[in-house]
Amino acid sequence: MAGLTLAIGLAVSIGEIVIPLRTIAEAIANRMFGTSFAIKPIHEGIIWDYRLSRALVSASSGAALAMTGAMLQALLRNPLAEPYVLGISAGASTGAVAIMILGIGSGVLTLSTGAFFGAVAAFGLVSLLAAGAGGGADRILLAGVAGSQLFNALTSYIVTTSANAEQARGIMFWLLGSLSGVRWTDVLLVTPIAGGGFVICMLHARVLDAFAFGTDSAAALGVPVRRVRLTLLGLTAVMTAAVVSIVGSIGFVGLVIPHAARFLVGPAHERLLPATALIGAIFMVLADIVSRTIIPQQVLPIGVVTALFGAPVFALILYKARRPV
Amino acid sequence: MSSDPKRRPFILRLAFAVLATFAISAPAFAASTTYPLTIANCGRSITFDRAPGKVVSIGQAMTEILLSLGLADRITGTAVWFSPVLKQFDAENSKIKRLADNDPSFEAVVGTGPDLVAAEFEWHVGPSGSVGTYDQFSKLGINTYVAPADCAAKDNTTGGDGVRKEMLKTEVIYQEIAELAAIFNVQDRGEALVARLKEREDKAIASVAETRVKDIPVVFWFSSKEVDGEAFMAGRNGAPAYIMRALGAKNVIATNEEWPLVGWETVAGLNPAIIVIAGMDRRRYAADDPAIKLTFLNSDPVASRISAVEKKQVVVMDSQAMSPSIRLVDGIETLAVAIRQFGLAK
């Protein structure tokens with residue numbers, strides 16, 4: 001927790017405008033404890049409305065994506081499972097692009113709402129397909145692959161037939177993930193979802209342990225396999241859809257952070273889930289700092305940062321935790 | 001900066017304008033083209049044996065230049081439109097076939113049987129053009145011409161809107177007009193058009209020659225994908241940068257990209273005195289509507305504290321005036337009027 005607090009502290013302190021630490025503390029005190037330190041309104045706005053809200057959304061999104069990755073890897077018994085494998089991200093992209101380019105419901109629906117509906121629709125379709133194919137972990141994965149391809153194709157179709165070059169670049173930026181424009185309303189949406197998701201995950205920690213040994217073993221231990229799988233898959237869909245609708249499609253976190261956490265605390269979910277959430281949160285906050293400071297006056301998509309900086313870190317963890325040959 | 005070095009080019013411009021005015025009154029003196037005509041264009045050499053009878057124009061700015069040269073009857077198709085055509089060409093343009101609002105297909109272009117394809121952007125017609133490459137067209141005996149504004153010291157290989165290494169100048173627009181006029185053997189019309197544009201440009205510059213504040217910090221906000229999110233702001237070498245420099249203002253955004261995405265914290269830190277926002281008919285990005293841009297500026301806790309917003313020094317400019325086109329002169333006039341209105345010029 002100290003690590004996360006430090007990361008958020010860094011996120012609030014670092015930015016294009018240099019603001020003294022004392023001013024930062026005063027701005028936060030003004031808003032949280034009703035003090036009235038005399039500081040420039042522009043500084044208070046930057047610290048409270050821009051940097052702190054953005055840091056909290058980063059942390060919540062990172063935690064949520066990492067947790068869903070850990071859950072899916074256990075539920076589907078596949079180390080390569082992650083939120084995106086269920087087609088959720090592809091569906092969210094299609095939803096957002098449909099609103100951005102085709103203007104479907106524009107004015108009423110925001111980009112985020114479009115992404116959310118797209119994500120839920122994709123998950124619904126993939127679930128139906130998987131159920132129709134007889135259910136089971138492998139069928140869900142295969143249905144997810146098919147769903148992803150379908151929705152990616154739809155997105156490409158819309159972009160190539162309707163977008164101009166400038167729009168296509170904007171879409172690419174959004175598809176790679178962006179925390180631009182994040183405000184307190186987003187904090188109020190994504191933080192409770194991440195928090196609630198964490199509580200439900202923790203309540204299922206032992207069940208997830210049982211799943212890791214296979215559905216037969218889980219059933220033998222008295223776990224209602226179908227019901228639990230449906231509940232937890234639904235939970236991952238809602239968590240991913242909420243995150244993707246706010247910050248865009250950010251890969252890598254859901255896939256890799258659970259593995260990094262497993263190397264550090266072992267496979268038992270009671271410890272794995274909190275570690276995953278915490279590392280995911282810290283990682284995203286740091287990635288966002290890098291994304292908005294690495295190029296002066298410009299912003300890099302956070303998905304590029306998570307992969308460019310996350311991959312070597314993951315390689316290092318893999319190397320450190322190498323098995324004796 | 002002393003005012004002397006600035007005044008000298010102004011006097012030169014004035015002299016040029018006077019000469020140009022003579023050119024308007026005496027169009028008969030304009031030379032007619034001797035074919036074959038060879039010109040250097042975007043790193044290639046292109047040759048015309050005669051004036052093209054049919055041309056397809058890809059890009060609104062290119063189309064409007066051809067229309068300004070009185071060549072409507074030679075245009076067999078247009079494509080890539082950002083906003084409605086300049087009002088005075090409404091009637092002529094409505095008779096021309098619009099092949100596509102965005103990228104037309106290669107066959108649609110070739111299908112109209114053009115002798116020439118003139119493109120505003122290299123990414124449409126160029127070494128790896130999305131509509132067609134130079135080779136594809138030349139194999140069918142079709143000549144290609146690309147606006148020099150899109151390749152003079154500009155790198156289009158990076159994707160997006162490209163990276164400009166040197167500042168765009170109206171000179172390159174005037175060069176384009178002169179070249180097209182020569183290609184179509186309407187040099188008198190080209191000279192007259194350039195003279196008119198130069199005269200307006202010089203007049204606008206002269207109107208703020210005695211600016212009270214030198215290097216007025218300015219930003220140009222085109223649009224944003226999310227209203228609260230990062231904004232597409234004009235980079236330091238594009239058309240808006242030229243507008244600013246011509247009028248003695250300073251673009252506070254310092255990157256070479258044509259339209260980099262810039263965060264509002266950065267803009268607040270640069271504290272511009274004037275914010276120019278783009279007006280456009282397009283409604284695809286959340287912040288395309290200038291009214292939405294204004295609402296954001298007035299309500300956002302940080303943006304509303306920028307001095308340009310606090311002092312109500314925000315000006316709406318047509319988006320076409322922010323691109324390398326004949327409307328660039330409209331942009332210079334609009335900002336010049338704003339500088340005077342805001343009391344920044346004596």
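## A covered helix in chain B

In this predicted model, helix α2 of chain B, which spans residues 60–68, is mostly covered, with nine of its nine residues buried; buried here stands for under 20% relative accessible area, computed with a 1.4 Å probe on protein chains only. Helices are DSSP runs of H or I with at least four residues, numbered from the N terminus. Among the buried residues of α2(B) are Q60(B), M62(B), E64(B) and L67(B), and just after this helix G70(B) takes a positive phi of about 70°.

## The nonpolar cores

A nonpolar core is a set of buried Ala, Val, Leu, Ile, Met, Phe, Trp, Tyr and Cys residues joined through side-chain atoms within 4.5 Å. The largest such core has 108 residues, and those with the most contacts inside it include W221(B), M233(B) and W264(B). Helix α3 of chain A, residues 41–75, gives the most to this core, with 19 residues. Apart from it lies another core, of 84 residues, which includes A72(B), V172(B), V186(B) and F220(B).

Leaving aside neighbours within four places in sequence, W221(B) is in contact (heavy atoms within 4.5 Å) with residues including A231(B), F232(B), K293(B) and L297(B).

## A valine in chain A

V97(A) lies in helix α4 of chain A, residues 88–102, and V97(A) is buried, with a relative accessible area of 1%. Although V97(A) and G118(A) are 21 residues apart in sequence, their C-alpha atoms are 9.7 Å apart in space.

## How to read the values

Residues are numbered from 1 along each chain as its sequence is written, and chains are lettered from A in the order in which they are written. In this predicted model local features need pLDDT of at least 70, side-chain atom pairs count only at pLDDT 80 or more, and totals for chains, interfaces and linings use all residues, while side-chain values use heavy atoms, leaving out hydrogens and water.

Definitions and conventions. Buried means under 20% relative accessible area, exposed over 50%, partly exposed in between (1.4 Å probe, protein chains only). Helices (H or I, at least four residues) and strands (E, at least two) are DSSP runs, numbered from the N terminus.
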